[in-house]
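Please read the points in order, with the sequence and the model side by side.

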Amino acid sequence: MRKAYFAGLCLIFLASCSGTNDDLLNSKEQDQLQSPDKLNNKNELARGGFRDPSTPTEDTPPSGIWSTSIYITNTIYGFYSNYTKKYLYGNSPLASELPKSYPGLGFYGMDRFLGSADGNGPVISSWFNTVNNDLVLTTDPNELNGQSHWQKKDVGTSYNGDEPGSYPIYRYSNSSNKTHFYTRDYNELGNGKDGFVYEGISFYLKESGPKPFRVRDGTFFEDNKTGAVYIVFESTLRRIDSWSVVNGLFDFKPNPRNGKPKDWLILKVDIENYTGTRGADINSSTQLVQNTDGKMYMVDDGLYRYIPTTQIFNTYNFNEDAVQHKYVRMMFTGKDIAKTY
């Protein structure tokens, strides 16, 4: 059962419950599920993956700073242990991050790649039994509710069965080993064998792939090529024109208790991979000022811009030691500083 997947799994890495059958499907569905060829409508039998066709989708990000070099596809990996004879599933390729309740974790090895769980369908939940180490993936929020010893964790969202590129994930159970098995290849176990009982299509997934990722305000970058430092500020990318400004205006001083610097917060990237609006440079004329009434301002390109909350002050990692305390004549005011994403 595992050999058929080993070659495919290697290619992927080089390129980059106990519930019963009646709990899952009614008798009509059981008859239809004897073979996937008998399915008249894949959506009818999917354990999730439905979505409103009127829901708008956008191929081009509407605003903000975006990266296309980050994978955010909620990949689901499968693991198997010859020691426990069980299958476990999770979002990480590391066995060390699998749920566990007794020794034997080290015997789990990567077995397969199920796919991407980053669709617009129902949430896929992982239910782990802390007594027998069974793990169930399901989009039925009530399947294991109220039963003892089950821990729930969401691992992604399913796709639509008719959506281009989506494919079904077939579910099996083995009562002797108290384990559930999931595969994207129906021919691997067919209608059930080797002690596994076929339980139907659980949900639909897709192959993993890159997707635009929007970057949050207050994120700092250092360009690998030029060494220039940038900040995502109100959904624009603004260059900070020198390290003296970086270390003065923003809080990257070493921690006084342990001496460790905070510059790990500055991510080293290729800035050309980030798209979106470029804002004005932040230079030595940019200041932080606190008025005699206690209000805090950022002097930004000559404009006094009010910082309304401590949360926003911290979002942009401003340096408290850089704040100048003085009377402010409100002659040139700009928009309040905001957190936009």
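1. Arg171 is buried, and so is Glu143, where buried means under 20% relative accessible area, exposed means over 50% and partly exposed lies in between (1.4 Å probe, protein chains only). These two residues form a salt bridge in which the closest N and O atoms are 2.7 Å apart; the term stands for a side-chain nitrogen of Lys or Arg within 4 Å of a carboxyl oxygen of Asp or Glu. Because Arg171 lies in strand E8 (residues 167-174) and Glu143 in the loop between strand E6 (135-138) and strand E7 (150-157), the pair ties together parts that are 28 residues apart in sequence. By the same rule, the count comes to 12 salt bridges.

2. A word on the basis of these values: this is a predicted model, in which local features need pLDDT of at least 70 and side-chain atom pairs count only at pLDDT 80 or more, while totals for chains, interfaces and linings use all residues. Residues are numbered from 1 along each chain as its sequence is written, and side-chain values use heavy atoms, with hydrogens and water left out.

3. The secondary structure comes to six helices and 20 strands, which are DSSP runs numbered from the N terminus (helices H or I, at least four residues; strands E, at least two). Of the 341 residues in the protein, 47% are buried.

4. A salt bridge also joins the side chains of Lys206 and Glu163, at 3.0 Å from N to O. This pair links distant parts of the chain, with Lys206 in the loop between strand E10 (197-205) and strand E11 (213-214) and Glu163 in the loop between E7 and E8, 43 residues apart. Both Lys206 and Glu163 are buried.

5. Which residues are linked with Arg238 and Asp300 in a network of salt bridges? The network takes in Glu234 and Arg305 as well as Arg238 and Asp300. Within it, the side chains of Arg238 and Asp300 meet at 2.8 Å, N to O, and this pair links distant parts of the chain, Arg238 being in strand E14 (residues 236-240) and Asp300 in strand E18 (residues 296-300), 62 residues apart. Arg238 is buried, with a relative accessible area of 6%, and Asp300 counts as buried at 8%.

6. Leu205 is worth a separate look: leaving aside residues up to four places away in sequence, its contacts (heavy atoms within 4.5 Å) include Ile76, Leu114, Ile124, Tyr159, Tyr167 and Ile169.

7. Three strands make an open sheet in the order E6-E5-E7, with antiparallel pairing, where two strands pair if DSSP finds at least two bridges between them. E6 and E7 are the edge strands, each pairing on one side only. Strand E5 (residues 123-129) and E7 run antiparallel and are joined by seven bridges, and Ser126 stands opposite Lys153 in E7.
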